[in-house]
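Hi there,

Here is the model I promised to pass on. Have a look at it first, and my notes follow below.

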Amino acid sequence: MTGFHHIPVLFEETIDALLPRDGGRYIDCTFGGGGHSTAILERSAPRGRLLAIDRDPLAIDLGAARLAPFGGRAILRKGAFSALRETAIEEGFTEVDGILADIGTSSPQLDRAERGFSFQQEGPLDMRMDTTSGETALELLERLSTEELADILYAYGDERRSRPIARSIKESLDKGELETTLDLRRAIVRVLGPKRGRIDPATRSFQAIRIAVNDELGELRKLLDDAPSLLRVGGRIAIISFHSHEDRLVKWAFREDPRLRVLTKKPIVPSEEEVARNPRARPSKLRVAERVEVSE
Ligand SMILES: C[S@@+](CC[C@H](N)C(=O)[O-])C[C@H]1O[C@@H](n2cnc3c(N)ncnc32)[C@H](O)[C@@H]1O
């Protein structure tokens, strides 16, 4: 696989929520394959501008060509959205009209064995979205104590058998039998038994380890703190999340931030038709809020 094929989720719903207009300025915190970004640029033509960010170097490398037709209207920066404020100020993107974050993993991240996210294909235990920095999954598993690992499996994966799974993973490590994604799956299946229903037994633990490797909740908290101050009054923030922990953070941050008015009492979820077309959209939830005037 050479290109970057990612089907954007909740596509129309997200773009409609951001109300792109000619001359508006927008930030896409999670460029990925650029589906949402290009739609924002098209609908804000001819003068709308976009700052797009992603921490994945592959998304950035392939994104340059995708954005080339938009010339100077689009800027693409590699980085984590926890540094959104600094990046936006450097690029002069303050008082913007819209901010989008679609915070799942991209299809290439999940599908390319060498990225180490998949329990269906053999790959190194990596799982980093930014392959140029930070700890790999293997390094994390080596560093954590059995108790710390169990806590992560429980908190980020809702894995009820977190303790025996953590022990099994650490045993495999001690025996030198944990190098690949399939080794990790084996250590989990040893406790949970083979796949019975639709969901693979390794799903929850892989999700939890991925969230820890990429500090996904820490990244989201920082984004929720910083993004509202970059919006002009009337500007909108739209966040798509993929599991309940993230959705809860977004819901409460929007609700409790005096700078924001919530536009989605209930999250917007994909239609049955979208899920049939793209099963990866199933858990996605979109929440939208608008920046309001606050008296000091
Ligand atoms: C679901 S994909 C986005 C897809 C995109 N909306 C599209 O239309 O193709 C999520 C992307 O967000 C990036 N990402 C996740 N967390 C990030 C973070 N904290 N900072 C920057 N990028 C992040 C991932 O690398 C991935 O490319």
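Is Ala80 buried, partly exposed or exposed? At 22% relative accessibility, Ala80 counts as partly exposed, where buried means under 20% relative accessible area, exposed means over 50% and partly exposed is in between, with a 1.4 Å probe and protein chains only. Before going on, a word on the model: it is predicted, so local features need pLDDT of at least 70 and side-chain atom pairs count only at pLDDT 80 or more, while totals for chains, interfaces and linings use all residues. Residues are numbered from 1 along each chain as its sequence is written, and side-chain values use heavy atoms, with hydrogens and water left out.

Back to Ala80. You will find Ala80 in the loop between strand E3 (74-78) and helix H4; helices (H or I, at least four residues) and strands (E, at least two) are DSSP runs, numbered from the N terminus. Leaving aside neighbours within four places in sequence, Ala80 is in contact (heavy atoms within 4.5 Å) with Arg55 and Glu219. The C-alpha atoms of Ala80 and Thr105, 25 residues apart along the chain, are separated by 14 Å.

**The ligand**

Glu219 also turns up at the ligand, as one of the closest residues there, together with His36, Asp54, Phe81 and Asp102. In total, 22 residues surround the ligand, counting a residue if one of its heavy atoms lies within 4 Å. By class, this shell has 6 nonpolar, 11 polar and 5 charged residues. Here Ala, Val, Leu, Ile, Met, Phe, Trp, Tyr, Cys and Pro count as nonpolar, Asp, Glu, Lys and Arg as charged, and the others, Gly among them, as polar.

- His36: an N or O atom of the side chain is 2.8 Å from a nitrogen atom of the ligand.
- Asp54: a polar side-chain atom lies 2.7 Å from an oxygen atom of the ligand.
- Glu219: an N or O atom of the side chain is 2.7 Å from a nitrogen atom of the ligand.

On its own, the ligand has 600 Å² of accessible area, and the protein covers 99% of that; the areas come from the Shrake-Rupley method with a 1.4 Å probe.

**Helix H10 and the cores**

Helix H10 (residues 203-213) is largely enclosed by the rest of the structure, because 8 of its 11 residues are buried. Those buried residues are Ser205, Phe206, Ala208, Ile209, Arg210, Ile211, Ala212 and Val213. What covers them includes helices H6 (137-143), H7 (146-157), H8 (162-174), H9 (181-192) and H11 (216-226).

The largest nonpolar core has 28 residues; such a core is a set of buried Ala, Val, Leu, Ile, Met, Phe, Trp, Tyr and Cys residues joined through side-chain atoms within 4.5 Å. Met127, Leu141, Ile169, Leu178, Leu184, Ile188 and Ile209 have the most contacts inside it. H6, H7, H8, H9 and H10 are the elements that give two or more residues to this core, and H10 gives the most, with 5 residues. Apart from it lies another core, of 25 residues, among them Phe93, Leu224, Ala227 and Leu230.

As for Ile188, its contacts beyond four places in sequence are Ile165, Ile169, Pro201, Ala202, Ser205 and Phe206.

**Backbone details**

- The peptide bond from Ala45 to Pro46 is cis, with omega near 0°. Pro46 lies in the loop between helix H2 (35-43) and strand E2 (49-54).
- Met127 is not a glycine, yet its phi is positive, near 70°. Met127 sits in the loop between helix H5 (107-111) and H6 and counts as buried because its relative accessibility is 0%.
- Asp215 has a positive phi too, of about 45°, although it is not a glycine. Asp215 lies in the loop between H10 and H11, and at 44% relative accessibility it counts as partly exposed.

**Two buried residues**

Thr87, in helix H4 (residues 84-90), counts as buried at 9% relative accessibility. Not counting residues up to four places away in sequence, Thr87 touches Leu51, Ile53 and Arg77. Ser241, in strand E5 (residues 231-241), is buried, with a relative accessible area of 1%.

Best wishes

How values were computed. Polar contact = N/O pair within 3.5 Å; in protein donor to acceptor, adjacent residues only side chain to side chain.
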